[in-house]
Amino acid sequence: MKVQLAQVAGFCMGVRRAMDMALDAARTASKPVYTFGPLIHNPSAIELLERTGVHVLSEIPQKGKGTVIIRAHGIPPETKKRLADAGFFLVDATCPRVVKVQMLARHYSRKGYSCILVGDKGHPEVMGILGYAGEKGILVSCDEDLKTISPAGRYVILAQTTQDRERFSRWSKEIMKRYPGGRVFDTICDSTRRRQDEAARLAKASDLVVVVGGRSSANTKRLAEIVEEKGTACMAVETAEDLDRTRLSRYRKIGVTAGASTPNWVITTVVREIESIRSAKDPLFRQAVYRILRLFHEANLWTALAGAALALAASIMAPGIVSALSAGSIAFCSIFSMHTINRLMDMEHGSYNDPLRARFLKTHKVLFALLSTTALLLAHVLAWKVGNGSFLLLLALATSAVFYRVHILPAGLSIRSLRDLPGSKPLFISVTWGAVAVLVPSREAFPLPDADLVGLFMLASLAVFARSLFMEILDAQGDLIAGWETLTLLVGEKKTLRIIRMASVALAAIALVLTATGIIRHEALAFLLFAAWMYGLSHRMGHKRIRQNLRLEFLVEASFLVLPAAAFLIAILRT
Ligand code: SF4
């Protein structure tokens with residue numbers, strides 16, 4: 001089965017902004033924290049907000065305290081005033097594009113124009129905009145309204161931001177024909193346009209399109225309508241539980257699109273669930289490959305293999321490192337155990353980034369707890385065979401990795417664990433992997449490592465730093481929900497991708513300098529290939545030519561498999 005996810009799916013800018021503001025308010029604003037009405041039209045997102053302490057306020061009380069977040073759809077000005085008069089502190093998360101329509105309505109109604117708004121009756125955004133138009137506001141939500149309106153004097157036509165383009169254009173032309181002299185402002189949001197175009201394109205390229213989103217979300221409903229208008233089978237679901245697996249198995253090409261208020265973790269689960277359905281038309285071999293890839297991903301085996309490949313490459317590059325088998329085994333066992341233990345300790349956070357992996361680990365948690373403990377012990381036995389220094393270093397690294405999330409300092413402080421240090425995650429992972437792959441398996445690393453080992457440690461850590469930043473981008477939504485201040489959340493995705501490219505250039509430059517000066521062996525030039533791969537991936541991701549999914553994670557981890565192969569090839573060429 002081929003599953004294609006729309007390029008524009010999930011949170012739009014306005015919804016993401018509102019969600020970020022709500023999650024931020026949950027941590028920092030004066031309590032209790034409310035949203036006035038549901039922040040967005042999606043039950044999973046509302047449930048999450050409830051869990052983080054953001055409740056829904058449906059009625060405005062006489063007296064209130066705490067913070068009220070105004071949702072992305074906005075509210076009428078008099079409602080805003082009533083909330084402030086009741087004593088609430090207001091955080092305005094109205095989408096800037098909705099604000100623009102509100103301001104147009106206010107501006108023209110004040111100048112005496114009638115404001116005709118093409119929108120859905122009763123929709124919060126429509127009620128908010130009409131509130132700014134006051135008595136001059138006229139709603140057109142159906143053909144019947146179109147027949148009955150009679151704007152007095154000058155008028156403007158505005159659109160609810162999520163309206164259907166064709167309908168808006170048709171209705172505005174009809175109004176202008178009957179009442180010449182009006183002004184039309186096409187205020188349909190770009191994100192809505194692109195989403196609708198994508199839905200139409202997907203409908204043409206698929207046998208069936210799954211539309212993911214809340215049942216009360218207007219823009220999600222519209223996407224389903226567009227798919228059906230193109231004559232393609234459509235399945236509207238709120239979560240993966242609504243998928244009709246039997247029906248889906250009859251199709252070969254499945255498109256997936258999602259409304260602007262659908263969280264990523266819901267889309268990811270739906271896509272992975274569909275991918276796991278065996279289409280009656282799919283060859284068995286293809287399904288088997290997919291299942292193996294998924295098992296490796298969910299069981300953290302790709303990550304462990306990437307660590308082992310780095311150690312293997314290091315053993316070819318530095319003479320002081322013990323056998324390749326021993327170095328690879330230490331890295332595989334310790335990285336597998338550290339990452340698995342961390343995931344087992346924080347399943348809730350993981351369930352927002354990768355719900356299927358979290359579910360897999362939850363189902364087999366006893367098995368994985370046993371496997372990771374055994375692997376950790378085995379890594380220590382192997383390190384002890386290398387030497388006491390190796391054993392102690394691995395013990396220190398494993399202890400800090402296991403306690404990375406544990407609160408060590410008392411409650412009330414903003415930084416209570418290693419994890420709370422802003423941007424610490426990629427740094428911590430890169431130093432740990434670098435040490436496990438280069439220093440732990442080396443007899444020459446203690447008490448003080450030689451210059452070649454230090455150089456190699458730097459290169460390995462820098463390579464892992466670039467890899468960890470990719471993973472941070474993939475985990476951004478869960479990190480935000482968990483309240484972690486990761487580098488990606490601090491500087492944004494674009495800048496993080498730029499940092500990855502800078503790290504790749506630095507990695508290539510350091511590898512060139514260290515090999516040219518004879519500090520490390522020429523085999524370390526393999527890092528040039530790695531750097532080019534990382535740079536290319538980051539560039540493609542920046543240009544949206546690659547999606548943030550299982551494939552990307554595989555491509556990032558696979559870049560480490562290139563290292564020992566390239567180092568080995570260079571070693572052969574040199575002999
Ligand atoms: S669809 Fe457009 S206008 Fe509406 S919230 Fe999203 S970005 Fe803002």
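**Exercise 1.** Sort the lining of the largest cavity by residue class.

*Solution.* Start with the classes: Ala, Val, Leu, Ile, Met, Phe, Trp, Tyr, Cys and Pro are nonpolar, Asp, Glu, Lys and Arg charged, and the others, Gly among them, polar. The lining then splits into 9 nonpolar, 11 polar and 3 charged residues. Keep in mind that this is a predicted model, where local features need pLDDT of at least 70, side-chain atom pairs count only at pLDDT 80 or more, and totals for chains, interfaces and linings use all residues. Residues are numbered from 1 along each chain as its sequence is written, and side-chain values use heavy atoms, with hydrogens and water left out.

**Exercise 2.** Find what surrounds the ligand.

*Solution.* Now class them: 4 are nonpolar, 3 polar and 1 charged.

**Exercise 3.** Locate the two cis peptide bonds, Lys31 to Pro32 and Phe446 to Pro447.

*Solution.* Check omega first: it's about -5 degrees between Lys31 and Pro32, and about 0 degrees between Phe446 and Pro447. Pro32 sits in the loop between α1 and β2 (33–36), while Pro447 is in the loop between α19 (424–439) and α20 (451–474). Most peptide bonds are trans.

Definitions and conventions
Near = heavy atom within 4 Å. Helix = DSSP H or I, 4+ residues; strand = E, 2+ residues; numbered from the N terminus.
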